[in-house]
Amino acid sequence: MKYLFVFIFSFFSLTAFSQNVATDSLIQVSSSGGLSQIDEQLFPGAVIYSGSRNNQVYVQHKGIKMWCDRAVFYPKDNFIRIYDNVRMNQGDTIRMSSKYAEYNGKSQFAFASGNVDMKNPGTTLKTDTLFFDRVKQQAYYRSGGTVQDTASTLKSRIGRYFMAEKRYQFLDNVKVTNPEYTIDSDHLNFYTENGHAYMYGPSTIKGTTSTVYCERGFYDTRADEGYFIKNSKIDYNNRRVTGDSLYFNRGNAFASATNNIVVTDTINKSIIKGHYAEVYRAKDSVFITKRAVAISIQDQDSVYIHADKLMVTGPEDDRIVRGFYDVRLFKSDLSGRCDSIITRQSTGLTKMLRKPVLWSGKSQMTGDTIHIQSDTKTERLDSLRVFYNAFIVDQDTSGGFNQIKGKELIGKFNDSSQLEVINMYKNVENLVYSRTDDGELIGVNKGTSGRWEVVFKDSEVSTTTFYNESNDITYKPEELPENARELRGFIWRGEDMILTKEDLFKGKPLPILTPIQGIPLPKLEEDFFDKNQKFEINENSRLKEKDLKTRTTDTPKAIRKEKDADEK
């Protein structure tokens, strides 16, 4: 008799309600083999459905299906609360389970709590509480959640899933964990179909061999490659690479950089700059071009090397720098040019090859090959050698050219890396002008010897001395015509002299920089709890009005700044 009364009450309640609500708008509840009852004292206006784990209560409404062990349905409000072993399916895409859920048929708004597990193709979300707006087709959590992708695990304090786009928006304390790397970010958008991640705000990708930082970037979590702009940098093997844009492929151990590039070697105190670079981690090499310049940082004076192309190879304790084509070298008291150059950190030896020339003050040195030796401990310049066809030209104050040539030249630098003394050896020839204190030419000394020594002071020639079987003749100016005042092989390259750092690029056009393909800022999404949208909260819901509002703490600082700027 009791159950007959329950059935009659339920029938008339539903019939009365159906007169005001279309049939397809009414939540449908059934309990095959279970019980339904009314308890006006505990649940006024509700029908209570009971089932079991193997024979659950079944609920459906406009394409969403739910199963549970117990349900409390309020037909007048079209509102239901479901308990224990809750499952919820929407079409073939969303599968959710939890301990508790409630659903409002009028607003199509659902809330789930207790071990919430939501699956969609390719990912699984686990959280403690989840809001689900079926009108917007969006799910939202703000109490911390974990998404498992086919390749990675993604965690954040705040998360939102856009079902139409198959996109997650992760905010605040975002962390992506992959067997090969981790990503930390303030704001990350993740597309479930292809594993593409877009990072905004300070973001770091850290692996066992490298660390990437950017404030706007893209990363393919499945292909393990990315593109980064805005304050981007890559750290690896005690090197740091920065540039307007960076590309990184972890699998190939390759990175490239474009525009305003700086490669810093923190161990060897050196910097390389340019506008295009390629970095091969496995080979421990860097290739850089477009106004490329290598800078060796020293306590008192840095050495600059510019070339059309620069390559840096080798481990940290044996870096090798190679420069090709129109190489230019500058130091405050020494400069030079050649076609190619190679310098090795472990030996401190720099080789200038093919038509090399060095200037110290107004003194020019040339030869077939020039070697500059540095002290590997102090990193100061120690000595230089010019092999074959060594030639020194020194322009005096009146424009004359003092000349010394021989087979080989050896020079020595002082403790301040300034050229101190030069010795010319083997088959030495000389042509030196003699002048009065007023610069008037009184004679030209021309001769040969076995060795000639030149002493410098403040980068200028101070004294010269010849040794070993010298044979000199001093000619009066009229006895030695102009065309006889040059030794064979004389060439003055004063116009090529590099006097400042800026002269490293003298005569070269500015490089045409590659347009950078930007990563646009994310669109400013309206709040999940839209302040213009009125959510109907059933009086029997666990939720309160304050629960359906965006709190200040639900919006990270970076997003708040973007919104404030947009409103202004």
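Asp339 is partly exposed, at 24% relative accessible area (buried is under 20%, exposed over 50%, partly exposed in between, with a 1.4 Å probe and protein chains only). Asp339 forms a salt bridge with Arg354, with 3.4 Å between the closest N and O atoms; the term means a side-chain nitrogen of Lys or Arg within 4 Å of a carboxyl oxygen of Asp or Glu. This pair joins distant parts of the chain, 15 residues apart: Asp339 sits in strand β26 (residues 334-344), Arg354 in the loop between β27 (349-353) and β28 (357-360). Strands here are DSSP runs of E, at least two residues, and helices runs of H or I, at least four, numbered from the N terminus. Arg354 is exposed, at 59%.

A quick word on the model: it is a predicted one, where local features need pLDDT of at least 70 and side-chain atom pairs count only at pLDDT 80 or more, while totals for chains, interfaces and linings use all residues. Numbering runs from 1 along each chain as its sequence is written, and side-chain values use heavy atoms, leaving out hydrogens and water.

Now for Asp172, which pairs with Arg157 in a salt bridge, the closest N and O atoms 2.5 Å apart. Asp172 is buried, with a relative accessible area of 19%, whereas Arg157 is partly exposed at 24%.

Lys523 and Glu165 also meet in a salt bridge, at 3.8 Å from N to O. Lys523 lies in the loop between β36 (471-475) and α2 (557-567) and Glu165 in the loop between β14 and β15, so the pair ties together parts 358 residues apart in sequence.

The structure holds 30 salt bridges.
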